Amino acid sequence: MTKNIPVKKNEYYEMDIHSMGHEGEGVGRIENFTVFVPHALPGDRIKVKIVKVKSSYAYGKLIDIISPSENRVNPMCPMHVKCGGCQLQHLAYPEQLKLKKQKVIDNLERIGKLENIVVHDAIGMSRPERYRNKAQFPVGTDEATKQIQVGFYAPKSHRIIETDTCYIQHKINDKIITQLKLWMKNNNVASYDENTGKGLVRHIFTRVGFKTGEIMVVLVTNGTHIPNKEQFIDMIRSTSADVKSIIQNINTKATNVILGQENRVLWGSDSIIDYIGDVKFNISPMSFYQVNPVQTEVLYNKALEYAGLKGTETVFDLYCGIGTISLFLAKKAKKVVGVEIVPEAIEDAKQNAKINNIDNVEFYVGAAEEIIPRLYKQGYKADVVVVDPPRKGCDEVLLDAIAKMQVEKIVYVSCNPSTLARDLRFLEDRGYKAIEVQPVDMFPHTSHTECVCLIVRNDKGFRDL
Ligand code: SAH
């Protein structure tokens, strides 16, 4: 077979890119043989070096752009190729949105074999930059110069790439990193070394409440003692009057997990406040909180619109995290029942209900696929179910219980169109019809695609909003 492969490893070729893969890589053909080329775009003619050859496809490295695609733009970040955090910065933003819509359509057709679903244009951001409210930067030391490095890991490695600024993060991070480096230098503080397990500073982790401006800074340390702690606090506070919380997180384990179990407040509060819509959230270092608050509000408003609540409904919010969607819907529903597998998140959810004076919500800890069948057997019924599962989608046991409950409407929030398509197929085979999908761009410049889908029971196959 191998003799039919027209490309060879380490050889150079010219080729046209005709489409894009799901990770944002360019796809083209050399003598009818598929080649994936990261950072290449449909419409580019390129020079490529083949780096990996498989039986039915190959991977290439972009060497030169012979003639660029008309949709190619200068990436805002000079480190874009090295960092790998943003896969699409070289693609004009309107085209990024088209690509994400197409990804949803392709998955619905290919995996779900679904037809007649309206897929709307993706809702993008008017300013698709500096949108993230959470940053976690690894801290290391350059082997040659012995300088402290703070930045991002290069793709698939633990080599730190330094950047002056990250264009999808809040600008305050630049100042915080500068102060951290200075404090480490002043006090001879070593960065943590993964190989030896020695050194103190592992990560600097920040959160910003976009509505309130409040800033949290978490220093993740391998050990408890912080040399010249007062100076660290002063230097971090000097970055902004909005710094409200400085925390030490202790992580002494040899692990890739960033945060350890223990948090110590070094200065200020143990949490910060933010709002989505008019719902208030208390955010601590460990809390799960959506990273793009502006688009989260757009997404939840769409979910609310699809739920079409009149005030008489019982709503299940499954995979509810810290209760963000539950609380968002509670004011419009008779009752909301949230289910989430992480006990700490449910603690946060209950706390969040309290600080918002919302008392028509109930939260359960556990797997949705265990709790919902049980509630069904006990005779519980929901009028509307919202699901917001992780990438792997919903368990069939759960979808089956929802179908048996004869829930009228399902609002499916998905961060993975392929599992959404699979789950929609499962539901269509049990008497449901997916009506429309609204992609919302939660992660501009990356290939991640988020959407919300309205599904109704077949005999209600119309939009009753
Ligand atoms: N709806 C929330 C969180 C969505 S993220 C928000 O918008 O903020 C998905 C959540 O599902 C995570 O909090 C994760 O802990 C939870 N989860 C994962 N598997 C689960 C399961 N089997 N049952 C219930 N929750 C689960």
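What follows is a walk through a few helices, a sheet and some single residues. Keep in mind that this is a predicted model.

**Stop one: helix α10**

Select residues 417-428, which make up helix α10. From first C-alpha to last, its twelve residues reach 16 Å, close to the 16 Å expected at 1.5 Å a residue. Nine of the twelve residues are buried, so α10 is largely enclosed by the rest of the structure. The buried set is P417, T419, L420, A421, D423, L424, F426, L427 and E428. Which elements cover them? Among them are the helices α2 (93-110) and α9 (396-404), plus the strands β20 (409-414), β21 (432-440) and β22 (450-457).

**Stop two: α9 against α10**

Two packed helices are described by the angle between their axes and the distance between the axes. Here the axes of α9 and α10 come within 10 Å and cross at roughly 40°, and the crossing is right-handed. To see the contact itself, show side chains for E396, L399 and D400 on α9, and for D423, F426 and L427 on α10. The residues of this contact split into three nonpolar and three charged, with no polar ones.

**Stop three: the open sheet**

Next, colour the strands β6-β21-β22-β20-β19-β16-β17-β18, in that order. These eight form an open sheet with mixed pairing. Look at the two ends: β6 (118-119) and β18 (361-365) are the edge strands, each with a single partner, so one side of each is left without a neighbour in the sheet.

Zoom in on β21 and β22, an antiparallel pair joined by eight bridges.

**Stop four: strand β16**

Select residues 314-318 for β16. Is this strand buried or exposed? Five of its five residues are buried, so β16 is largely enclosed by the rest of the structure. In a regular strand the side chains alternate between the two faces of the sheet. You can check that here: T314, F316 and L318 point one way, while V315 and D317 point the other. Click D317 and you'll find G338 of β17 standing opposite.

**Stop five: A353**

Jump to helix α7 (residues 343-355) and pick A353. Its relative accessibility is 6%, so A353 counts as buried. Leaving out residues up to four places away in sequence, A353 touches L327, I358, V361 and F363. If you like a distance check, draw a line from the C-alpha of A353 to that of G308: the two are 45 residues apart along the chain and separated by 22 Å.

**Last stop: two histidines**

Finish with a pair of loop residues. H39 sits in the loop between β3 (33-37) and β4 (45-53), and H445 in the loop between β21 and β22. Phi is near 75° for H39, a positive value in a residue other than glycine, and H445 also has phi near 75°. How do they fare for accessibility? At 23%, H39 counts as partly exposed, whereas H445, at 7%, counts as buried.

Terms used:
Residues numbered from 1 in each chain as written. Predicted model: local features only at pLDDT ≥ 70, side-chain atom pairs only at ≥ 80, totals over all residues. Heavy atoms only, no water. Helix = DSSP H or I, 4+ residues; strand = E, 2+ residues; numbered from the N terminus. Expected span 1.5 Å × (residues − 1). Buried < 20%, exposed > 50% of the residue type's maximum accessible area, 1.4 Å probe, protein only. Contact = heavy atoms within 4.5 Å. Axes fitted to C-alpha atoms, helices over the stretch in contact; angles between N-to-C directions. Left-handed = near helix turned anticlockwise from the far one by under 90°. Nonpolar A, V, L, I, M, F, W, Y, C, P; charged D, E, K, R; others polar. Pairing = 2+ DSSP bridges.
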